[in-house]
Amino acid sequence: MAKEKKGVRLEHVSKIYQDPKTKKDFYAVHDANIDIAPGEFVTLLGPSGCGKTTILRMIAGFESPDEGEVYLGGEPINELTPNKRDTAMVFQSYALLPHYNIFDNVAYGLKLRKLPKEEISEKVHSILRLVGLEGMEDRMTNQLSGGQQQRVALARALVIEPGVLLFDEPLSNLDAKLRVDMRNEIRRIQQAAGITAIYVTHDQSEAMALSDNIIIMKKGVVDQIGDPHTVYYHPVDEFVADFIGESNFLRGTLSEKDGESGVATIEGHPVEVANVGHLSVGDNCVLVLRPEAAHLTDEGVLPCKVTLSRFMGNYQNYQVMVGDTLVKITDFNPKNHKIYEVGDEAFVSFTADDVHVL
């Protein structure tokens, strides 16, 4: 639908607020450098208060940066009001007009632009086909389900053919199953329209399912930018490893090194590791081990004692102690696997490629 795919760039962008209690200034966003390619779907991910919504609002024009510049399609837009920017926002609350039917809600922005009636009708019907609401033009918004209301809000944003579509936690009011269905629909519609999309969420599974790239925020700072595969398997720090999925952290020291390969000593036991070029022998290190990457065996890498063993249907859920370290293990499809019970002695097994060394 978009006339032109536009990228978004933030150069050294910061936003300063005042703490209402202490009256001291603080950075809600500090020195953000972000480059979003045209047609890309990018998610801003992080816990509450990390700065992700502030970045979205600065792109939309609802907030102004105190430092740095925001560019849209190569054009600096700091001085432009929201209505002068080639963006459209889909809000958490949908913000539909309750006394209008679906057609008039979607047509609202086009009518403000004083487009001819025939053109408005053509554009509205075309976008309603795209979002799966064709034939429902006359229905009032208060007669719609949450998912249908979300589709109307999406159609209303898309119909004005913005260069960039902005999403502010649009699925948080929906139940879990509908959220999954709608995120798949949003991705389908974004790809069909070929539009650049920037999406704010604190739900890591939502970010993984939707994104070409994920921007992970921590306390106002961009912590890591990467595709879902990279941020999951190669997190830059413990915060990212813990925020994206579930992780075990095995702490020790690098005792041997040969190029990128080496041996780490964990709880007194040698563990082969890879990609340790950034470390020197004697350095402290942290091994990030995903629960699904490890399994229990009678002989293996790290001796352990089983403290929890639960059958969950499609997986066996274990917790074991490796010395003083708790390790969680998810053993998928356990039907023909040996099941270890609480109190059993066993070994946690994994290969050097199964762990990421920080």
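**View A. Where β11 meets β12.** Asp258 stands opposite Ser261 in β12. This is a predicted model. The two strands here are β11, residues 248–258, and β12, residues 261–266. They pair in the antiparallel sense, over six bridges.

**View C. The largest nonpolar core.** In soluble globular proteins, nonpolar side chains tend to be buried together. The largest nonpolar core in this model has 39 residues. Which of them touch the most other members? They are Val106, Val124, Leu158, Leu165 and Ile186. Several elements give two or more residues to this core: β6 (87–90), α2 (102–112), α3 (117–130), α4 (146–159), β7, α5 and β8 (196–201). The largest share, seven residues, comes from α4.

**View D. The surroundings of Leu165.** Leave aside the neighbours of Leu165 within four places in sequence. Leu165 is then in contact with Ala88, Val90, Leu154, Ala157, Leu158, Ile195, Thr196, Ala197 and Ile198. Two of these contacts, Ala88 and Val90, fall within β6 (87–90).

**View E. Helix α4, largely enclosed.** α4 has 14 residues. From its first C-alpha to its last it reaches 20 Å, close to the 20 Å expected at 1.5 Å a residue. Is α4 largely enclosed or open, and why? Of its 14 residues, 11 are buried, so α4 is largely enclosed by the rest of the structure. The buried residues include Gly147, Gln150 and Arg151, along with Leu154, Ala157 and Leu158. What covers them includes β6, α2, α3, β7 and α5. After α4 comes Glu161, whose phi is positive, near 55°.

View F. Most residues other than glycine have a negative phi. His12 has a positive one, near 50°. Its place is in strand β1, residues 8–18. Is His12 buried or partly exposed? His12 is partly exposed, with a relative accessible area of 47%. Glu169 also has a positive phi, near 40°. Where does Glu169 lie? Glu169 is in the loop between β7 (164–168) and α5 (176–193). At 15% relative accessibility, Glu169 counts as buried.

**View G. Cysteines without disulfides.** A disulfide is a covalent bond between the sulfur atoms of two cysteines. How many disulfides does the model have? The count comes to zero, with a cut-off of 2.5 Å between the sulfur atoms. Cys304 is in no disulfide. The nearest cysteine sulfur to that of Cys304 belongs to Cys285 and is 20 Å away. Cys304 is buried, with a relative accessible area of 3%. Cys50 is buried as well, with a relative accessible area of 1%.

Note on methods: Residues are numbered from 1 along each chain as its sequence is written. This is a predicted model: local features need pLDDT of at least 70, side-chain atom pairs count only at pLDDT 80 or more; totals for chains, interfaces and linings use all residues. Side-chain values use heavy atoms; hydrogens and water are left out. Two strands pair if DSSP finds at least two bridges between them. Helices (H or I, at least four residues) and strands (E, at least two) are DSSP runs, numbered from the N terminus. Buried means under 20% relative accessible area, exposed over 50%, partly exposed in between (1.4 Å probe, protein chains only). A nonpolar core is a set of buried Ala, Val, Leu, Ile, Met, Phe, Trp, Tyr and Cys residues joined through side-chain atoms within 4.5 Å. Contact means heavy atoms within 4.5 Å. The expected span of a helix is 1.5 Å times one less than its number of residues.
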